[in-house]
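Dear colleague,

Please find below the structure that I am handing over to you.

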Amino acid sequence: MTAVLRAEHLGRTLAGEVPVTLVEDINLDIERGEFVCIMGPSGSGKSSLLYLLGLLDVPTSGRVWLDGEDTSAYGENELANRRLEKLGFVFQFHFLLAEFSVLDNVTLPMRRLGKHGDAAIRSRGMELLARLGVAEQSAKHPHQLSGGQRQRVAIARALANDPLVVLADEPTGNLDSVSSATVRQILHDLAHQMGKTVVAVTHDAEFASAADRRIGLVDGKINADWRPA
Amino acid sequence: MRIQLQVALTHLTGRTRQTFVSLTGVILGVAFFLAVSSLMRGSEKDFIKRLIDNSPHITVYDEYRLPRTQPAELRWAGGAIRISNVKPQTETRGIRGYREKLEFVESMPGLKVAPVLVGSAVLVFAGREESVTLSGVVPDKMKTVSTLEEKMIEGSIDALAANPNGIVIGTGLAQKFNLGLGRNVNVVAANGASRPMKVVGIFRTGNANYDETQTFTLLKRAQVMFDRPNRVNRLIIQLDDPYEARDAAQRIEAVAGYKSVSWIEASEDILSVLIVRNIIMYSVVSAILIVASFGIYNTLSTIVMEKTRDIAILKSIGFHARDVRLIFLLEGVIIGVVGSVFGLVLGAGLMKLLSTIEFRPPGITEKVQMPIWWGPEQFAIATAFALVSCILAAYLPARRAGRVHPVEILRGAA
């Protein structure tokens, strides 16, 4: 089985008077349908690794393979196209557009992709919201929702273009325990029921317990990689 | 609606007050641009109208500009031939075959022509003599190419047709000789032919020299007086669009062979002054729009700074840098289009208001109106200039927005 996401000697250094190494020599194969948690203390480079895997950032060494494609030669626009078609992001602070309704936020990636007509996009948006249990909030604006609801809308947006991989950066970092449990369950179901690959960064041990595979990061290097029985 | 346009509109409607201020700048800029440039162009047209009112748009003379190519030069073309002292010929007998030439000129579109025979004569009345220029005209044709009819204060040009012995003179001459309508005056041509003529019309152009020296009679009468039967020595041409005079004069000269001088050629010095005046005017009115574009730049820069996080989100989702640039350029275009529409309406209102103003300059008896020119290209220039300055103002913020690096913003927010 080929890996959906593969990192090869991946490194990222911030240039400057004193260069800062964020991650170094990361080798990683992530399979389709896996729910992977990247854990580590703050400053360990877990978010940086996620940005590299999510093609948001460009590595200074090594390469990322997505869906069997080497992305190292791609320019900014090609990387953006891969993000649009194959990746979905969920951030700690939901990052919804404040002036847009919930439905408009969810349909944003589909409208940018432009593969479907307006009616189809709307109905798929409503379907995603319904699946995440926030369909009745569709006409509201993000500030009218609770934190947990916002994060569910953000997940719906990440799923809009039916991506291969959903990348989540501290998705429960800002939520109460009840909402955290819901989001954790949703991400778990994404991997196990919908066959999405989910890569989440967290420092929440309880969240990590739901994952199929845990990767520990210290000082920009992998120091643990195990699948709990 | 395209997603980029929706984002652009959301940004603008989300900052009503700033958008309104930017919009007001463009509206006022366009309105003043339109009103002032229409006034200046109107006054320019008014000036040119006065400039060419009393002189024809094109005059065809019975002269040649260049000497004819000599037979020897034709026979040995390229040979070492030099013929000195060759001068352009002057047709002392007037324009040859003027009827054909008249027909040719009449066949050209947008143009009216009148034949004239000009000569010198001496007016003799009560023992006084005054040399004048006597022009033989065809009244019906003369009326179409000259404003003389409008300048008549007594009688008319048409009276010439009714009275073959009639003469039309200017007020200056009438005062000098104490002549009135219906009085007889003796006209002596250069060759000695003399004939009493009756004053059937008096004109006043406002140009003292013209009013003292120019007289008009019937073409047939002039031809008899000057002993040039069936000849004319000038073709006076008036164009619907005076600005085509230069091209038309060249075409006429190419066909007719005679020297054709357009008013543009005759008054190049004054026209270059007008061009300088236009440049000054457009740079001043453009300055208003340039100032307005700083307002747009300011608004859009603020939006870019405020919305960096949104831009980072859009880019992380998969928006290209050019999508983001497009969003901000669209914001500039929207302000430009909306501002132009309202600005044109306001500007047209200002123009309407200006055109109703009447005043009386000191020393002038007639009331003067502001000469507003309602040319469609003024509206087009104002709109184009507004749009260009809006797009330029949006360009820098748009470029900055396109360069936003999502990771830097996300890292900062986390």
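With which residue does B:Lys315 form a salt bridge? The partner is A:Glu76, and the closest N and O atoms of the two residues are 3.5 Å apart. Please note that the model is predicted. Between chain A and chain B the count of salt bridges is 3. Polar contacts were also examined: 9 residue pairs, with both residues at pLDDT 80 or more, meet the rule across the interface of chain A and chain B.

On the side of chain A that touches chain B, the elements giving two or more residues are helix H1 (46-53), helix H2 (76-86) and helix H3 (102-113) of chain A. H2(A) gives the most, with 6 residues. Sorted by class, this side of chain A has 15 nonpolar, 9 charged and 3 polar residues.

As to the extent of the interface, 27 residues from chain A and 28 residues from chain B take part in the contact. The two chains bury about 2500 Å² between them, and 59% of that area is on carbon and sulfur atoms.

Chain B is divided into domain 1 (3-52 + 270-413) and domain 2 (64-77 + 86-258). The C-alpha centres of these two domains of chain B lie 52 Å apart.

Finally, I turn to the aromatic rings. Over all chains, a search of the whole structure finds 8 aromatic pairs. One of them joins B:Phe33 and B:Tyr282. Their ring centres are 6.0 Å apart and their planes stand at 40 degrees, so the pair is tilted. Because B:Phe33 lies in helix H2 (residues 16-53) of chain B and B:Tyr282 in helix H13 (residues 268-306) of chain B, the pair ties together parts that are 249 residues apart in sequence.

Yours sincerely

Note on methods
Residues are numbered from 1 along each chain as its sequence is written. Chains are lettered from A and ligands numbered from 1 in the order in which they are written. This is a predicted model: local features need pLDDT of at least 70, side-chain atom pairs count only at pLDDT 80 or more; totals for chains, interfaces and linings use all residues. Side-chain values use heavy atoms; hydrogens and water are left out. Contact means heavy atoms within 4.5 Å. Buried area is the accessible area (1.4 Å probe) that two parts lose on being put together, summed over both. A salt bridge is a side-chain nitrogen of Lys or Arg within 4 Å of a carboxyl oxygen of Asp or Glu. A polar contact is a pair of N or O atoms within 3.5 Å; within protein, one must be able to donate a hydrogen and the other to accept it, and residues adjacent in sequence count only if both atoms are side-chain atoms. Helices (H or I, at least four residues) and strands (E, at least two) are DSSP runs, numbered from the N terminus. Ala, Val, Leu, Ile, Met, Phe, Trp, Tyr, Cys and Pro count as nonpolar, Asp, Glu, Lys and Arg as charged, and the others, Gly among them, as polar. Domain bounds come from an automatic or database domain assignment. Rings of Phe, Tyr and Trp (its six-membered ring) pair if their centres lie within 6.5 Å; planes under 30 degrees apart count as stacked, over 60 as edge-to-face and the rest as tilted.
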